[in-house]
Amino acid sequence: MQATTPVTKRVVYDDDIVRAFSLATIIWGAVGMLVGVLVAAQMSFWQANLDLSWTTFGRLRPLHTNAVIFAFVGNMMFAGVYYSTQRLLKARLASDLLSWVHFWGWQAIIVGAAITFPLGLTQSKEYAELIWPLDLLVVLVWVAFAVNFFWTLARRNERNLYVAIWFYIATVITIAVLYIVNNLQLPTSATHSYSVFTGVQDALVQWWYGHNAVAFFLTTPILGIMYYFLPKAAGRPVYSYRLSIVHFWSLIFIYIWAGPHHLLYTALPDWAQTMGMIFSIMLWAPSWGGMLNGLLTLRGAWDKLRTDPVIKFFIVAVTFYGMSTFEGPLLSIKSVSALGHYTDWIIGHVHGGALGWNGFMAFGMLYWLVPRLWGTQLKSVRLAEVHFWIATFGILLYVVAMWISGVSQGLFWRALDAEGFLKYPDFIEGLIASRFMYQMRLVGGLAFFAGTLLMVGNLWATIRSGRKTTVEIEVQGFAHDGPGFWALMRGAPVLYSLAVIVLSLVLFFSGTLGSAIAIAGFGVLVIAGALSIGMEKSRKSWHDLIEGHSLAFAVLVLVAVLVGGLVEIVPLVVAKKEVPAQVAHADSVWAAKGEYVFVQMPYSPLELEGRDIYVREGCYVCHSQMIRPFRHETLRYGEYSRATEFIYDTPFQWGSKRTGPDLHREGGKYANVWHYLHMNDPRSTSPGSNMPPYAHLKSHRVDLGATAGKMRVLRRLGVPYDDAQIAGAAATARSQGELIIADLATQGITAASDSEMVALIAYLQRLGRGPQPVAAAPAATPAVTPAIVAAREVAR
């Protein structure tokens, strides 16, 4: 039979969409860095909050993180993906319409975030703060992106998928899974909702998402861009194809398990914490494999490092990737996390990754890409060099300042005197000691922002000096003649991988007999694998075959990322949330053996509204609500936190940074008037505080008409509100508010019973205590332990 001659095709790449995303990257990059400078200034100078409700740190900090992650890095990612995908597949994007739906939809999401966050419309979940209508828009836009991407894969004119495409596939699939699961919620209004997960479940799902958003939005797509643009800029092939294979599959499989390391020493079950720590440490190997593959790609081209600013940016970016992926596993070790968690060390780590790794990759890609998109030369190589050195100075100063501040804070908080009591009981003393490092962070941020402005000017001048280019090529199609989907799924690597996963789970979760069986099974697998490799030397490698079958490749990626999520999350999500009958009457009671049994009871209507205000104002970005089981923490804050104390909390408010003290046992420590004065002017009660004033809460009223609707939604989520409580929500809230304003009146302060200030006070007084009075009656004295008494004396 005569072979069919491949048909020659003419392909015109769609670079208009790449230009659009590149311009958006440049614009949003400057905006994101500007907001970052403002919030950095607020940490050193509280006056920078501008005495406006919509410019406080708690509202602008999510705006900064979302602007940098989703606006700056997100647009850069889409520009790089669309540019490189077309050239690697030798095919135009499948649908111009879907490309532009993707572009304008993504910009609409960013604008929506820029409007809603300053207004206090948020879910208060890190990297997932968007309200539910915007979440729906994210899903729709991502679907448009995914359809366009996989449609283009199906129409490709290149048989095998290059390594960059592997990382793009992992990004498209995994982000969809993460975002949908973490944002399952029930709306209470057009702008408000409650997560379907509560307490410990919500914390685990959130950090399964949060950690892997970093992995699959800020790491895997950027690695794909590195694998394409770094060899292009260097004029050298990727150092090792085999190392790329190991890097990719081990990274996407291991990363998905590591989320619980954000919750070490919390109320999360210990098995989940240990699993997160183990897999985080395992990440060292694949992460550094990718870094070395990138750096060694420059073999024979290191001379370009002296003259080409693009190479400079790429090399520093890859170096920061290596540094961040060393630091992350280090921080996941329990003893190190005990020191570093809640401190500025975490802030330095995050910015080293987001600005050092992602930022420098973005700068290098733009300097390489923009001149080619507009058919010209970079306007000023010298200015790009200046940008490089200013940005490098800025990010190094920033990160080092946060390292010093973070380690100092950790040591300060845990310091005990010779008698075993707190050496530095005043939390504000530590904050004041960090002030100089905060100012250094501001200087570093200003330098980084200045470099970004230089880039904006340089690239704008470059664009004006050129004109849009159109790239057209002729290609020959290929015949899809490899093995079928099911044949690939039955391949030895798939079967061995599944066996390893099953045996690993048996080893981790079973007893002595199961562990022995698992170890024996591993031995059998090693022998079978060696024999299999020896038998298949003459055949085409399985991975070459799977690269030619995009559907099979995508399915294997999906399986790899689902395994870890299912094993970690499902056991907690399906667990029952029950209040023991003997302790169902209070948050904490003294058990017969002299130990505490901590159980959460539902919030009153006014406390519920106060909690929503706490969430709206972003208090969680500076205050934790999770006391770890360390002596220095129980001395400072009270009894350590238990999982049963959060069963009705949605969203969870454990926090990840302590610019202020932990608030989990704040209730009853201070009088109502103290909280009123502290919110009105924090420095009147806490000299040296950098907290913004919240005087606007005095004049804003709570919409008590919406409270019953919120309680109905929470009842659907398992909170035991009855019909009478829901029907009388507004009256009950006013009654409890009257008690608080009556107490304030004894101190000469007048306030409205339905003011947001009163609602927030009600919530803060509830923290760590049983249900508070909602009508005029003597308040029961909550049980206390010696540790709580000591903590209150320290606070006084």
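The legends below describe close-up views of a predicted model. Residues are numbered from 1 along each chain as its sequence is written, and side-chain values use heavy atoms, with hydrogens and water left out. In this predicted model, local features need pLDDT of at least 70 and side-chain atom pairs count only at pLDDT 80 or more, while totals for chains, interfaces and linings use all residues.

**View 1. The second largest pocket and its lining residues.** Rolling a probe the size of a water molecule over the atoms shows where empty space is left. A pocket is found on a 1 Å grid over the protein atoms alone, as an open set of points where a 1.4 Å probe fits, with protein on both sides within 12 Å along at least five of seven lines; lining residues have an atom within 4 Å of a point. The second largest pocket holds about 930 Å³ of space, a volume being the space filled by probe spheres set on the points, which are joined across faces, edges and corners. Its lining comprises 44 residues, and H623, P661, W674, H678 and S686 lie nearest the centre. Helices that each supply at least two lining residues include α1 (16–44), α2 (57–89) and α25 (672–680); helices are DSSP runs (H or I, at least four residues), numbered from the N terminus. The greatest contribution comes from α25, with four residues. The lining has 25 nonpolar, 13 polar and six charged residues, where Ala, Val, Leu, Ile, Met, Phe, Trp, Tyr, Cys and Pro count as nonpolar, Asp, Glu, Lys and Arg as charged, and the others, Gly among them, as polar.

**View 2. Helix α1.** The 29 residues of α1 reach 43 Å from the first C-alpha to the last, close to the 42 Å expected (1.5 Å times one less than the number of residues). Of these 29 residues, 23 are buried; buried means under 20% relative accessible area, exposed over 50%, and partly exposed in between, with a 1.4 Å probe and protein chains only.

**View 3. Backbone geometry at D51, Y127 and P651.** Most residues other than glycine have a negative phi, and most peptide bonds are trans. D51, which is not a glycine, has a positive phi of about 55°. This residue is in the loop between α1 and α2 and is exposed, at 61% relative accessibility. Y127 also has a positive phi, near 65°, but is buried at 11% relative accessibility. T650 and P651 are joined by a cis peptide bond with omega of about -5°, and P651 is in the loop between α24 and α25.

View 4. Side chains of opposite charge can pair when their charged atoms come close. A salt bridge is a side-chain nitrogen of Lys or Arg within 4 Å of a carboxyl oxygen of Asp or Glu, and the whole structure has 26 of them. D344 lies in helix α14 and K657 in the loop between α24 and α25, so the pair ties together parts 313 residues apart in sequence.
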